[in-house]
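Please have the structure open while reading.

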Amino acid sequence: MGDITKMVERNEMKMQISPSLLAADFSRLGEELEKIEAAGADMIHLDVMDGVFVPNISFGMSVIASLRKTSRLFFDVHIMIVDPIRYIDSLAKAGADGITFHVEAAEDVGAVIQKIKGHGMKAGLTLRPGTPVEKVLPWLPQLDLALVMSVEPGFGGQSFMAGMMDKVAAIRSEAERIGRPDLILQVDGGVDRNTAAPCGKAGASCLVAGSAVFGKGDYAAEIAAIRAAAAGA
Ligand code: DX5
Ligand code: ZN
């Protein structure tokens, strides 16, 4: 299992890519995971949706637990569920390495962060496009990861909201101010080889990409192209 925070601390600052399994072929998930690891993914993004916080249902614990048996990739789990504290224990048991939850969904944000960390997992916090970034900034000292949603959560294949890059820049600047350059700063939604550049410029360190990677034939080429574009190549 890769320790992303340590890599960032060691200054191996290449842009991390976390392909979203939501866009993979669900009839061949194990195979897709193997292929994406071989293609150079740094982690795998697993979107868990409850049909209440977002109007869609994806997959849950049993799928993650099955995949855990076949892969050593870092499992970057993004939960779009109400009252997320209820599911931290079972996600840990299923094999999550990091859990990112929505600030809008939790009654006690600090308690969820502590519960995630109590299992030795990385704790991440995210926000809908309409939620002000100020809701997330106070939590940065306790977080391993902050995720800026650049689409309305719920579905893959939507268009990138460039206006969200202001939030990325605000989080990057606050992370620097509080002495947390190691904070993983993710962008999720509509990321591809064209939209990766503004993400990199705004200060992201990790990009989630679903349809842009799994929708194309050559996963390695897409991952490399996104990574290069983000670095301004
Ligand atoms: C949306 C999910 C995303 C989604 C991204 O709710 O959080 O992770 O899979 O898909 P693309 O990259 O296709 O926008
Ligand atoms: Zn996601």
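## Salt bridges in the model

Asp97 and Arg68 form a salt bridge, with their closest N and O atoms 2.9 Å apart. Asp97 sits in the loop between helix H4 (88–94) and strand S4 (98–102), while Arg68 belongs to helix H3 (residues 61–68), so the pair ties together parts that are 29 residues apart in sequence. Both partners, Asp97 and Arg68, are buried.

The model is a predicted one. Across the whole structure, a search finds 13 salt bridges.

| Pair | Closest N and O atoms |
|---|---|
| Asp97 and Arg68 | 2.9 Å |
| Asp182 and Arg180 | 3.0 Å |
| Arg172 and Glu176 | 3.9 Å |

Where do Arg172 and Glu176 lie? Both are in helix H6 (residues 165–177). They are four residues apart, about one turn of the helix. Arg172 counts as buried because its relative accessible area is 13%, and the cut-off for buried is under 20%. Glu176 has a relative accessible area of 44%, so this residue is partly exposed. That class runs between the buried limit and the exposed one, which is over 50%.

Next comes Asp182. Its salt-bridge partner is Arg180. Are Asp182 and Arg180 buried or exposed? Asp182 is buried, and Arg180 is too.

Salt bridges can also join into a network. Which residues are linked in this way? Asp25, Arg28, Glu31 and Glu32 are.

Technical notes. Residues are numbered from 1 along each chain as its sequence is written. Chains are lettered from A and ligands numbered from 1 in the order in which they are written. This is a predicted model: local features need pLDDT of at least 70, side-chain atom pairs count only at pLDDT 80 or more; totals for chains, interfaces and linings use all residues. Side-chain values use heavy atoms; hydrogens and water are left out. A salt bridge is a side-chain nitrogen of Lys or Arg within 4 Å of a carboxyl oxygen of Asp or Glu. Helices (H or I, at least four residues) and strands (E, at least two) are DSSP runs, numbered from the N terminus. Buried means under 20% relative accessible area, exposed over 50%, partly exposed in between (1.4 Å probe, protein chains only).
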